[in-house]
Amino acid sequence: MNEPARAMRKPDWMRKKISLVQTSAIRKGLRKKGLHTVCESARCPNIGECFGRKRATLMILGDVCTRNCGFCNIDGGRPGRTDPNEPENVARMVKELGLTHAVITSVTRDDLPDGGAEHFARTVRAVRKSNPATAIELLIPDFGGDSSALETVFREKPDILNHNIETVPSLYSTVRPQADFERSLELLRMAASFNLTAKSGIMTGFGETEREFLETMERLHESGVKIVTVGQYLQPSKRHLPVVKYFPADWFEEIAQKIRAIGIPKVFAGPFVRSSYMADKVAAL
Ligand code: SF4
């Protein structure tokens with residue numbers, strides 16, 4: 001099934017209207033603090049809904065990524081200077097939004113000696129200091145597999161440690177050419193060995209077979225992953241990878257049951273499910 005990919009027309013049920021009115025209040029608060037969100041940078045289809053619920057996934061270490069994944073809308077290139085006030089500004093934004101569960105992610109910063117690990121750690125400490133009751137979920141890059149950078153992050157004991165596997169191993173060379181499936185699995189294994197709740201996310205629609213999809217879920221289970229999100233890949237623009245297949249809502253229900261049967265207890269799957277979508281509710285499943 002991994003033949004050359006051909007773009008498919010998006011079915012009507014995969015079209016979602018975004019209300020810009022709902023997003024403006026949050027955008028103002030973010031711009032004032034010089035903060036970024038993956039919601040905006042990745043052109044997430046859920047932005048109207050999430051911003052309307054006063055939910056946002058804050059993205060630290062700037063908005064320029066040193067990698068160039070085929071599915072991702074975040075700009076690639078040479079990032080600018082890291083804002084030293086970002087951890088405190090993230091903490092302020094978490095408070096302003098009244099988040100009981102904050103999801104914090106970043107671009108990949110292969111240009112920094114520690115990949116931005118200490119900046120992550122400082123951000124967790126700042127958020128905890130001013131929002132002691134808020135659960136913190138970190139959605140981290142792979143830090144190039146640098147175990148000392150990972151330890152820097154893991155020592156802060158985030159309530160959930162999320163790292164997306166994104167696709168099946170056979171498609172890494174086209175979907176995540178600068179990443180490595182085994183390196184990502186090792187990261188999740190290491191998180192579990194630190195007694196962190198390990199979470200991962202995967203997209204469907206790149207041309208993977210169901211068999212290799214479920215084998216990937218088995219590998220996640222063996223690595224100690226306790227929470228998995230599954231969503232449909234949507235092509236952000238014509239220069240991104242095409243969608244090979246759109247899956248209907250009932251397929252996601254069935255696949256969620258199969259993943260639970262493998263042994264991963266918390267599974268959230270649906271066409272519009274994203275790694276940080278309803279993260280508070282997913283944690284409480
Ligand atoms: S699903 Fe996640 S990335 Fe998308 S808008 Fe919601 S919080 Fe942001």
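Helices here are DSSP runs of H or I with at least four residues, and strands are runs of E with at least two. I'm working from a predicted model.

**Overall.** I counted up the protein chain and got 11 helices and 8 strands. Next I checked the radius of gyration: the chain has 18 Å, which agrees with the value near 19 Å that a compact globule of 285 residues would have. The C-alpha atoms fill a box of roughly 50 × 45 × 40 Å along the principal axes. I also looked up burial, and buried residues come to 46% of the 285. Of the contacts between residues at least 6 apart in sequence, 76% join residues at least 24 apart.

**Strand S7.** I went to S7 (residues 225-232) and found 7 of its 8 residues buried, so the strand is largely enclosed by the rest of the structure. On one pairing, S6 (residues 197-204) runs parallel to S7, with 7 bridges. The chain gets from S6 to S7 through helix H9 (residues 210-222), in a right-handed β-α-β crossover. S8 (residues 266-270) is also parallel to S7, joined by 5 bridges. S7, helix H10 (residues 249-262) and S8 form a right-handed β-α-β unit.

**Ligand.** I listed the residues around the ligand, among them Cys39, Cys44, Cys50, Arg55, Arg274 and Tyr277. Helix H2 (38-41) and helix H3 (47-52) are the elements that give two or more residues to this shell. Sorted by class, the shell has 7 nonpolar, 3 polar and 2 charged residues.

Conventions: Residues are numbered from 1 along each chain as its sequence is written. This is a predicted model: local features need pLDDT of at least 70, side-chain atom pairs count only at pLDDT 80 or more; totals for chains, interfaces and linings use all residues. The radius of gyration is taken over C-alpha atoms; the globule rule is 2.2 Å times the number of residues to the power 0.38. A residue is buried if 20 or more other C-beta atoms lie within 10 Å of its own, exposed if 12 or fewer, and partly exposed in between; C-beta atoms are placed from the backbone. Two residues are in contact if their C-beta atoms, placed from the backbone, lie within 7 Å. A residue is near a molecule or strand if its C-beta atom, placed from the backbone, lies within 6 Å of it. Ala, Val, Leu, Ile, Met, Phe, Trp, Tyr, Cys and Pro count as nonpolar, Asp, Glu, Lys and Arg as charged, and the others, Gly among them, as polar. Two strands pair if DSSP finds at least two bridges between them. A crossover is right-handed if, with the strands pointing away from the viewer, the path from the first strand over the helix to the second runs clockwise.
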